[in-house]
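Subject: Structure for your files

Hello,

Here is the structure I said I would pass on. My notes on what turned up in it follow below.

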Amino acid sequence: MSLKLLLVDDEPNILLSLEFLMKKAGYQVFIARDGMEAIDILNQSVPNIIILDIMMPQVDGYEVCQHIKKSPELQNVKIIFLTAKSKKEDIEKGLAMGADLYVTKPFSTRELLKQVRNLSV
Amino acid sequence: MSYWSLILLSAGYLGLLAGIAYAVDSKKRKRPISPYIYALSLAVYCTSWTYYGSVGKAAVDGISFVAIYVGPIITMPLWWIIVRKIIRISNALRLNSLADFISARFGKSIRLSVLVTLLSVVSIVPYIAIQIKAVTNALSQLLDNQSAIEKPSLIITFIIGLFVLIIAFRTVNSNEKHSGLVTIIALDSIVKLVAFLSVGLFVTYGMFDGYSDIFRQVDLKKIDQFNSIDGTEWFTMILLSMSAIIFLPRQFHMAVTENQNVAHLKKAIWLFPVYLVLINLFVIPIALGGELILGESVDPDNYVLALPQSVGNGFITLFTYVGGFSAATSMIMVSTIALSIMVSNNIVMPLIIKNTALVKINTQKTLFAQRFSVILILTMSYLYFAFVANSFSLSSIGLISFVAGIQFAPVFLGSLYWRGLTKSSAVFAMVSGFLVWFYTLVIPNIIEVGLLPESWLAQGPYGIAFLNPEQLFGLHFESNIVHATYWSMLFNILGMVVGIYVSKPSASERNMANYFVEAYNYSTIEGNSNRWTGQMVLFDITRVLENILGKPRVKLEKRLFKSQYDAPLEMDGFVNPEFIGHAENLLNSAVGAASARMIISSIAQEDNIAVDDVLVVVKEKQQFAKLNAELHEKSKQLLSKTAELEKANERLKNLDKEKDDFISTVTHEMRTPLTSIRAMTEIIYDNQDLEEEERNDFLNIVIHESERMTRLINQVLDLEKLQSRKTEIYFVPLKLHALIWQSIHAVEALTKVKNIRISCRFDTEEITVLTDQDRMQQVLINLLSNAIKFSNEGGEIVLRTSRKERAVIVSVADQGKGILKENQERVFEKFFQANDQTLKKPVGTGLGLAITKEIVEMHGGNIWIKSEVERGTTILFSLPIEDEKLVK
């Protein structure tokens with residue numbers, strides 16, 4: 001059974017590339033175009049990994065992260081922040097919130113795939 | 001005439017003069033005296049000695065009396081050189097006596113001024129005494145009552161003293177020119193000249209039948225005697241009178257101290273000699289006539305008065321008396337004033353100052369000093385007259401004074417023309433000259449009066465023949481005046497030479513020597529008593545000024561002076577005299593005139609200690625107030641500076657934060673398209689087996705995101721250029737509606753996608769505005785594409801123009817979602833959309849409205865927003881219409 005992957009980003013083209021990549025790698029891909037959509041999806045099904053943008057309208061990535069950490073049924077979800085926020089304090093903040101991985105944009109597709117695979121083992 | 005009526009007449013005459021002097025001095029508009037008055041006032045030279053004594057001397061010694069007038073007549077042209085220089089120096093340094101002048105030349109030496117004062121008193125008091133004697137003689141001649149001599153002399157002395165006090169010393173300021181005094185002295189000169197000419201005419205043409213008649217009557221032997229001239233004596237007399245005309249205190253006072261304009265000298269140079277010739281016209285006829293008619297029965301000194309009296313002409317007799325009285329009183333008055341200025345300034349005042357606290361010195365003390373000096377001198381003169389002078393003829397005592405006067409001449413001339421002269425040599429010269437004068441002229445007189453043994457004159461003191469006062473070192477002269485002049489001048493000059501070898505001039509002496517010798521090179525304006533002169537060092541005066549006025553002010557004043565006077569501050573290493581005057585005026589306003597004078601003169605002394613003393617006093621006085629004010633000012637400045645700094649700091653911080661935010665936002669915004677581009681290209685590269693359609697889609701995304709990035713970079717740069725006003729805008733008159741239509745046409749493609757209708761509602765006819773075509777189009781397209789962006793599918797955009805006063809307002813309204821009230825103002829901020837989390841992220845850079853706002857503001861217009869949630873947003877902007885003509 002393939003692993004479930006939730007991709008959250010408000011940039012359609014980034015979402016498009018991630019979807020292509022992950023599907024190609026054999027993951028079952030869910031897509032959310034902002035934090036609200038992500039939480040809706042999370043309420044219905046539990047992904048193994050979530051690739052989460054931070055700066056999004058209305059509900060941002062941090063809130064989604066907090067939602068996951070609060071929800072008992074989502075405790076096993078691995079969180080990867082994929083964001084343009086690349087300052088040291090941003091990275092520290094993201095990891096402190098319980099993210100398993102912090103990847104800054106622009107990212108290397110091969111590197112991201114490798115890290116997603118590592119997380120899914 | 002009765003005794004009392006004569007006293008009353010004398011007092012009345014003096015009263016009249018005092019009245020005239022008072023009237024002149026109290027004139028509201030003071031006018032400078034005329035040069036004629038100045039020239040006539042110099043005739044104070046002609047005393048009762050001239051008036052009575054010339055005749056007396058002529059009767060005894062013949063024509064030689066003329067020598068006393070030849071000297072002045074031949075030296076007068078030289079006045080333009082010598083006296084002019086003296087006046088110039090005196091005015092510049094505010095010197096008002098002989099003593100001041102000599103002491104100033106040698107560094108304002110107090111000792112020297114006391115010495116000159118004492119010597120002047122010693123030599124002039126007897127001279128004043130003989131004037132009292134002359135008046136008394138005249139009175140006794142008129143009254144024919146020998147016993148009454150002393151009483152009237154005392155009364156006359158008293159009256160004269162009173163008038164001196166009234167006329168000259170009513171006010172304190174001894175620097176003031178006494179116009180009243182000069183006027184009445186000139187009047188005296190006229191009175192005595194007219195009186196003497198009257199009596200001369202009366203004797204020559206009334207009592208005799210003219211000149212030739214008198215000479216016919218005199219026997220030939222007498223005429224031979226008259227014409228015999230002793231060459232040595234003649235020469236000596238000329239020499240003595242040449243110096244007397246300027247170095248006698250009264251002459252110095254009239255010629256220099258009372259001079260109001262150096263140009264007056266020009267008149268005096270010819271008028272005064274004429275006066276001297278006129279007053280001597282009838283000396284010989286009167287002398288010969290007196291001898292013919294009166295002979296030995298009357299003192300020859302009294303011939304002038306006795307002749308008209310002898311024929312019973314009461315009017316001429318009385319007029320002659322008045323003339324003689326005026327000659328005597330004018331001399332007494334001026335001499336007393338000149339001497340008392342010296343005594344008061346150099347002896348009495350210093351004593352008072354020494355014994356009084358500085359704060360207690362006031363006008364009354366100064367007045368007291370001056371009045372006391374007047375009384376002292378007149379008392380001494382009277383005592384001399386009462387106990388000594390009776391034994392001598394008028395001219396003999398007069399000549400003794402002349403010999404004393406010439407003792408000042410070498411030092412004085414040396415002061416003016418010889419830099420090398422030192423203070424010691426001046427002292428040596430004057431002291432030795434006066435000692436010899438005293439020994440050879442005064443001692444014999446004392447012997448004659450009987451205070452010393454007569455054997456001194458026969459065998460010499462204690463039998464030492466070569467110390468004989470009248471035949472010093474065994475040298476014998478016909479006249480003891482010649483004898484005294486010869487020896488005193490010899491010792492005088494010897495003393496000077498010795499002094500030069502044993503002493504060196506001090507620095508201040510050297511400076512003063514330069515100034516005295518080169519007086520003409522120092523100041524360009526003559527006769528201005530407000531002028532200080534060049535013996536000051538710029539450092540000293542600057543230091544004092546800075547202490548009182550503060551450095552910046554002094555710096556400013558120096559600069560102002562340079563530009564106003566077009567003159568350097570320093571000349572020949574000394575401060576420009578005009579700047580010193582300027583400096584004194586500055587100080588006047590700061591510490592008052594008296595202190596200013598004190599301070600300036602203290603610096604003028606070039607005495608470093610004095611400068612320091614002045615500074616201490618001034619500092620103490622000013623420091624407190626100044627420090628206080630400074631502190632106050634400084635703390636105020638500090639406070640405002642702190643506030644300014646805080647503000648600036650705040651501004652900088654804000655700017656810094658803004659910049660930081662902007663940069664981080666820009667980089668963040670750039671990361672997004674870059675992310676897509678990188679991801680897509682890597683996918684294409686790694687998946688060579690992509691469907692062609694899919695690959696093209698991905699490549700399109702890369703192109704699209706690249707465009708987005710380019711747009712972003714361009715807009716950032718554009719905004720930067722607009723904000724820093726680096727961009728150039730070309731305003732040209734353009735038709736606004738046409739421009740709007742063009743812009744609508746440019747966004748047509750966008751409208752078609754969303755099926756949006758744009759309608760225009762123009763409230764006015766076509767309006768011409770001054771604008772930059774590209775920029776205005778940028779604004780319009782920006783607003784339209786924004787409106788399209790936020791419009792719902794199939795919505796309508798309304799574009800309006802309307803006139804409001806001198807502006808046109810353009811509005812673009814959409815029917816979109818609208819913007820929350822709290823966010824409305826922020827839409828013009830950079831990247832506002834990007835920061836705004838409440839709206840669904842729209843496409844665009846977030847810089848469009850910021851740029852639009854900049855452009856509108858560069859046109860002089862405003863931009864604002866009206867929006868209601870769910871009803872739509874309207875962006876409005878105004879453009880000013882500059883020229884009504886362009887509206888057409």
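Val769(B) sits in strand E5 of chain B, which runs over residues 768–771. This is a predicted model, so please read what follows with that in mind. Val769(B) has 23 other C-beta atoms within 10 Å; the cut-off for a buried residue is 20 or more, and Val769(B) is therefore buried. Outside the four places on either side in sequence, its contacts are Leu734(B), Leu736(B), Val808(B), Leu879(B) and Ile881(B). Of these, Leu736(B) is 33 residues away from Val769(B) in sequence, while the C-alpha to C-alpha separation is 6.4 Å.

Next, a helix pair in chain B. Helix H4 (residues 67–79) packs against helix H12 (residues 231–247) at about 55 degrees, and the axes are 7 Å apart. The two are therefore oblique to each other, and their crossing is right-handed. On the H4(B) side the contact includes Ala67(B), Ile68(B), Tyr69(B) and Thr75(B); on the H12(B) side, Trp234(B), Met237(B) and Ile245(B) are among the residues involved. By type, the contact residues of this pair are twelve nonpolar and three polar, with no charged ones.

Last, the chain contact. Chain B puts 19 residues in contact with 17 residues of chain A. On the chain B side, helices H30 (608–686) and H31 (692–723) each supply at least two residues, and H30(B) gives the most, with twelve. The chain B side divides into six nonpolar, six polar and seven charged residues.

Regards

How values were computed:
Residues are numbered from 1 along each chain as its sequence is written. Chains are lettered from A and ligands numbered from 1 in the order in which they are written. This is a predicted model: local features need pLDDT of at least 70, side-chain atom pairs count only at pLDDT 80 or more; totals for chains, interfaces and linings use all residues. Axes are lines fitted to C-alpha atoms, for helices over the stretch in contact, and angles run from 0 to 180 degrees between N-to-C directions. Helices (H or I, at least four residues) and strands (E, at least two) are DSSP runs, numbered from the N terminus. Angles under 35 degrees count as roughly parallel, over 145 as roughly antiparallel, 65 to 115 as roughly perpendicular and the rest as oblique. A crossing is left-handed if the near helix is turned anticlockwise from the far one by less than a right angle, and right-handed if clockwise. Two residues are in contact if their C-beta atoms, placed from the backbone, lie within 7 Å. Ala, Val, Leu, Ile, Met, Phe, Trp, Tyr, Cys and Pro count as nonpolar, Asp, Glu, Lys and Arg as charged, and the others, Gly among them, as polar. A residue is buried if 20 or more other C-beta atoms lie within 10 Å of its own, exposed if 12 or fewer, and partly exposed in between; C-beta atoms are placed from the backbone.
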